[in-house]
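Please read this briefing alongside the sequence and the 3D view. Its points are grouped by topic.

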Amino acid sequence: MTYFKLPALPFDPSQVSSWLSAETLSFHHGRHHAAYIEKLNALLVGNDLANRSLEQILQHAHGPLFDCAAQSWNHTFYWRGIGLSDGPAQKDPLKGFPNLQRKINESFGTLESFKWVFATTASELFGSGWLWLVENVRTGKLELLSTKNAGEPHPLNQSLKPLLTCDVWEHAYYIDYRNSRTKYVDGFLRSIKWDFVDQNLSNYGTPDMTSLMRPQVIREERRQIVIPRIQPSQNSILDAIKSTFELPLPNAFRK
Ligand SMILES: [Fe+2]
């Protein structure tokens with residue numbers, strides 16, 4: 001069953017060729033990212049979470065299901081944050097994003113100091129993981145967050161809104177840079193799509209990766225089940241919900 005599909009890369013590989021090779025993209029996207037989604041689909045068969053959004057699944061799942069859901073979500077999000085072909089030539093990449101620029105300055109001082117802290121934090125992350133730029137929804141400040149493996153603890157489970165992420169698993173850079181994570185992160189910082197970061201900051205709520213990964217047929221099924229089907233013979237909303245979701249009514253509601 002295909003609950004989720006692998007989205008195509010959202011950029012032309014030539015846009016990042018000075019940083020990531022076609023071979024890296026082929027393995028990272030076509031093998032690693034694809035494999036996580038394939039395992040996720042297999043684990044969802046017969047699981048109560050199967051028709052939930054990917055964001056909901058990774059907030060409720062544990063163990064291998066969490067790992068595969070998070071890795072599927074993280075990679076889809078990662079690809080969307082990179083691919084700026086003229087990144088190295090841009091003198092002022094935050095020009096045109098005044099709110100984001102203000103937040104970066106408030107939280108990190110300057111864009112250059114943000115990049116320095118980002119690179120340093122990435123180099124200090126031991127083992128495999130992800131480095132996130134997030135908005136703390138409680139304080140309104142931007143923060144950097146390091147997470148281990150698939151994302152533990154994941155920003156979506158901590159009231160943190162992801163704005164950007166960098167994959168620092170070795171499979172993201174080993175073909176091109178061998179063990180030099182520093183060179184890979186330097187390229188990442190020059191390839192950031194700041195319009196994507198600004199869009200995530202401006203949008204209300206969690207970035208939606210589900211709509212990019214659900215086959216159309218599944219999305220239609222989801223749309224059907226969220227609207228209770230009220231029949232003339234049903235005299236209460238509880239009856240309608242019961243028949244729609246095929247759930248037994250709690251004892252308190254039984255006549
Ligand atoms: Fe990866």
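Ser-159 sits in the loop between E2 and E3, and its phi is near 60 degrees, a positive value in a residue other than glycine. Pro-153 is also placed in the loop between E2 and E3. The model is a predicted one, with a mean pLDDT of 88 for the protein chain.

**Backbone in the loop**

- The peptide bond that leads from Glu-152 to Pro-153 is cis, and its omega is near -5 degrees.
- Most residues other than glycine have a negative phi, and most peptide bonds are trans.

**The sheet**

- Three strands make up an open sheet in the order E2-E1-E3, and their pairing is antiparallel.
- Strand E2 (142–148) and strand E3 (160–167) are at the edges with a single partner strand each, so one side of each has no neighbour in the sheet.
- Between neighbouring strands of this sheet the average turn is 30 degrees, direction ignored.
- Strand E1, residues 129–136, runs antiparallel to E2 and is joined to E2 by 7 bridges.
- Val-134 has Glu-143 in E2 standing opposite.
- Helix H5, made of residues 111–124, packs on the sheet and touches E1, E2 and E3.
- The direction of H5 makes about 15 degrees with that of E2.

**Helices H1 and H3**

- Two packed helices are described by the angle between their axes and the distance between the axes.
- For helix H1 (residues 22–44) and helix H3 (residues 63–80), the axes come within 9 Å and cross at roughly 140 degrees.
- H1 is therefore oblique to H3.
- The crossing of these helices, H1 and H3, is left-handed.
- On the H1 side the contact includes His-29, His-33, Tyr-36 and Leu-40, while the H3 side includes Pro-64, Cys-68, His-75 and Trp-79.
- Sorted by class, the residues in the contact of H1 with H3 are 9 nonpolar, 5 polar and 1 charged.

**Confidence**

- A pLDDT of 70 or more is reached by 85% of the residues in the protein chain.
- Residues 223–234 have pLDDT below 50, and this stretch has 14 contacts in the model beyond near neighbours in sequence.
- Over residues 243–255 pLDDT stays under 50, and the model has 11 contacts for them beyond four places in sequence.
- Where pLDDT is low, the predicted coordinates should not be read in detail.

Definitions and conventions: Residues numbered from 1 in each chain as written. Predicted model: local features only at pLDDT ≥ 70, side-chain atom pairs only at ≥ 80, totals over all residues. Pairing = 2+ DSSP bridges. Helix = DSSP H or I, 4+ residues; strand = E, 2+ residues; numbered from the N terminus. Axes fitted to C-alpha atoms, helices over the stretch in contact; angles between N-to-C directions. Contact = placed C-beta atoms within 7 Å. pLDDT = per-residue confidence, 0-100. Parallel < 35°, antiparallel > 145°, perpendicular 65-115°, else oblique. Left-handed = near helix turned anticlockwise from the far one by under 90°. Nonpolar A, V, L, I, M, F, W, Y, C, P; charged D, E, K, R; others polar.
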